[in-house]
Amino acid sequence: MADKAVLNVKGMSCGHCVKAVEESVGKMTGVNAVSVDLQAATVAVDFESSQTSVQQISETIEDQGYDVI
């Protein structure tokens with residue numbers, strides 16, 4: 001069963017930011033969909049909790065240089 005999470009992320013400001021986050025999170029095992037909302041400063045993720053976790057997704061976003069708050 002798929003889970004959904006919406007993470008608040010600081011530091012995203014442009015299309016490059018969107019692409020970096022969507023591509024890195026989208027490549028993760030168990031992630032079905034990822035959507036960045038720059039205005040709201042959020043990242044919505046649809047994922048399989050049996051294959052990945054919110055913690056792992058957060059770490060992947062932080063590896064791109066953004067802060068998950």
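**Close-up views of a predicted model**

**View A. Strand 2 beside strand 3.** Ser-35 is positioned opposite Ala-44, a residue of strand 3. The model shown here and in the following views is predicted. Strand 2 and strand 3 run antiparallel and are joined by six bridges.

**View D. The salt bridge between Asp-46 and Lys-4.** The structure holds one salt bridge. In this salt bridge the side chains of Asp-46 and Lys-4 meet, at 3.1 Å from N to O. Asp-46 belongs to strand 3 and Lys-4 to strand 1 (residues 2-10), so the pair ties together parts that are 42 residues apart in sequence. Asp-46 counts as buried because its relative accessibility is 18%, under the 20% limit for that class. Lys-4, by contrast, counts as exposed, with a relative accessibility of 68%, which is over the 50% limit.

**View E. The surroundings of Thr-42.** Thr-42 lies in strand 3, which comprises residues 42-48. Thr-42 has a relative accessible area of 15% and is therefore buried. Leaving aside neighbours within four places in sequence, Thr-42 is in contact with Val-6, Leu-7, Asn-8 and Met-12, and also with Ser-35, Val-36 and Asp-37.

**View F. Ser-24 in helix 1.** Ser-24 is part of helix 1, which covers residues 15-26. With a relative accessibility of 15%, Ser-24 counts as buried. A polar atom of the Ser-24 side chain lies 3.2 Å from the backbone oxygen of Val-21. When neighbours within four places in sequence are left aside, Ser-24 is in contact with Thr-60 and Gln-64. From C-alpha to C-alpha, Ser-24 and Gln-64 are 7.9 Å apart in space, while in sequence they are 40 residues apart.

Key:
Residues are numbered from 1 along each chain as its sequence is written. This is a predicted model: local features need pLDDT of at least 70, side-chain atom pairs count only at pLDDT 80 or more; totals for chains, interfaces and linings use all residues. Side-chain values use heavy atoms; hydrogens and water are left out. Helices (H or I, at least four residues) and strands (E, at least two) are DSSP runs, numbered from the N terminus. Buried means under 20% relative accessible area, exposed over 50%, partly exposed in between (1.4 Å probe, protein chains only). Contact means heavy atoms within 4.5 Å. A polar contact is a pair of N or O atoms within 3.5 Å; within protein, one must be able to donate a hydrogen and the other to accept it, and residues adjacent in sequence count only if both atoms are side-chain atoms. A salt bridge is a side-chain nitrogen of Lys or Arg within 4 Å of a carboxyl oxygen of Asp or Glu. Two strands pair if DSSP finds at least two bridges between them.
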